[in-house]
Amino acid sequence: MTPFARQAEWLEWSQRDLAIGRKKIKRKERGETLMGLLVGLSLGLLVLAAGSAQIAHQLKGHRLALQDSHLHQDLRSAMDWMARDLRKAQYSASSWETRSPGVCTDPFCDGWEDFSIENDWIDFSFDRDHDGEQDDNECMGFRLSERVLHARRTCSGTGQWQAITDKGSIEIMALSWQTHCEARNGWLHRSVDMRLSARWPNDDSRQISLVQTVHLRNDMPGYLQPLLCP
Ligand SMILES: [Ca+2]
Ligand SMILES: [Ca+2]
């Protein structure tokens, strides 16, 4: 073999080795690229799962906050309504001529329907149309029955009591009344503490309570203290 032929053969071998090397490098690179893709994909899926969990958590928190807000709003509305009516208890347009510290002869101080409290139940009346007479729609009251707040609408007849809360969105767990009396120159000034507790339906962990003191506008003759503030 001539030196020239030997050199050519060496060159051919070198080129073949070089080609084989390139193929190995390409295969290795392909493997690394695939591995990188898989790692990237796994990381992406992890980030996506974490993001989804975070969004679900935030949505749940937002939903609970919204429900708590509705619960508080419903309870506040019920409390305001009761306080607004209770303030007028035993009002009579003609009281200036029927009442004095030792006398009360009008129809808004002659019966249990005019002002009485028993456990969660309160009854009272007021002269809605300012005529001095007790009309059938002038008896009011509030009570708790099967976790629903009821309001009294009439003095007699069927349908006296009507539900004013919906058990599907709020459950009233407790209702209580406490009267405080103060003697003022032969008259009796009264205030009533109202306590109301409620919860989200079937969820004891989400319960709120409100307390409000209502000052009654109409002072009553002092001699009625044993009846009105036992
Ligand atoms: Ca009466
Ligand atoms: Ca009336």
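Student: Which elements each supply at least two residues of the lining of the largest pocket?

Tutor: Happy to start there, and keep in mind that this is a predicted model. The contributors at that level are strand S3 (115–118), S8 and helix H3 (225–228). Residue by residue, the lining consists of Phe115, Ser116, Ile117, Trp177, Gln178, Thr179, Leu227, Leu228, Cys229 and Pro230.

Student: How much space lies in the largest pocket, and how does its lining split by class?

Tutor: The space comes to about 230 Å³. By class, seven lining residues are nonpolar and three are polar, with no charged residues.

Student: Phe115 is on that list. Which residues is Phe115 in contact with, leaving aside neighbours within four places in sequence?

Tutor: Its partners are Leu86, Ala89, Gln90, Ile122, Asp123, Phe124, Thr179, Arg190, Val192, Leu216 and Leu228. Thr179 and Leu228 also belong to the pocket lining.

Student: Now the core. Which residues touch the most other members of the largest nonpolar core?

Tutor: First the general idea: in soluble globular proteins, nonpolar side chains tend to be buried together. Here the largest nonpolar core has 36 residues, and Leu86, Phe115, Phe124, Trp177 and Leu196 touch the most other members. Two or more core residues come from each of helix H1 (3–86) and strands S4 (121–125), S5 (139–145), S6 (148–152), S8 (171–184), S9 (187–200) and S10 (203–215). H1 gives the most, with seven residues.

Student: Is Glu138 buried or exposed?

Tutor: Glu138 counts as buried because its relative accessible area is 0%, while the cut-off for buried is under 20%.

Student: Where is Trp161, and which residues does it contact beyond four places in sequence?

Tutor: Trp161 sits in strand S7 (residues 161–163) and is buried, at a relative accessible area of 16%. Its contacts are Trp121, Ile122, Asp123, Gly141, Phe142, Arg143, His150, Ala151 and Arg152. Ala151 is ten residues from Trp161 in sequence, with a C-alpha to C-alpha separation of 5.4 Å.

Student: Is Arg206 buried or exposed?

Tutor: Arg206, found in strand S10, is buried because its relative accessible area is 12%. Not counting residues up to four places away, Arg206 touches Leu64, Gln67, Asp68, Leu71, Ala198, Arg199 and Trp200.

Student: Last one, on backbone angles. Where are Glu146 and Asn202?

Tutor: Glu146 is in the loop between S5 and S6, and Asn202 is in the loop between S9 and S10. Neither is a glycine, yet phi is positive in each case: about 50° for Glu146 and about 60° for Asn202. Glu146 is exposed at 66% relative accessible area, and Asn202 is exposed at 67%.

Methods
Residues numbered from 1 in each chain as written. Chains lettered and ligands numbered in written order. Predicted model: local features only at pLDDT ≥ 70, side-chain atom pairs only at ≥ 80, totals over all residues. Heavy atoms only, no water. Buried < 20%, exposed > 50% of the residue type's maximum accessible area, 1.4 Å probe, protein only. Core = buried A, V, L, I, M, F, W, Y, C linked by side-chain atoms within 4.5 Å. Helix = DSSP H or I, 4+ residues; strand = E, 2+ residues; numbered from the N terminus. Contact = heavy atoms within 4.5 Å. 1 Å grid on protein atoms, 1.4 Å probe; cavity = no way out; pocket = protein on both sides within 12 Å on 5 of 7 lines; lining within 4 Å. Points joined across faces, edges and corners; volume = space filled by probe spheres on them. Nonpolar A, V, L, I, M, F, W, Y, C, P; charged D, E, K, R; others polar.
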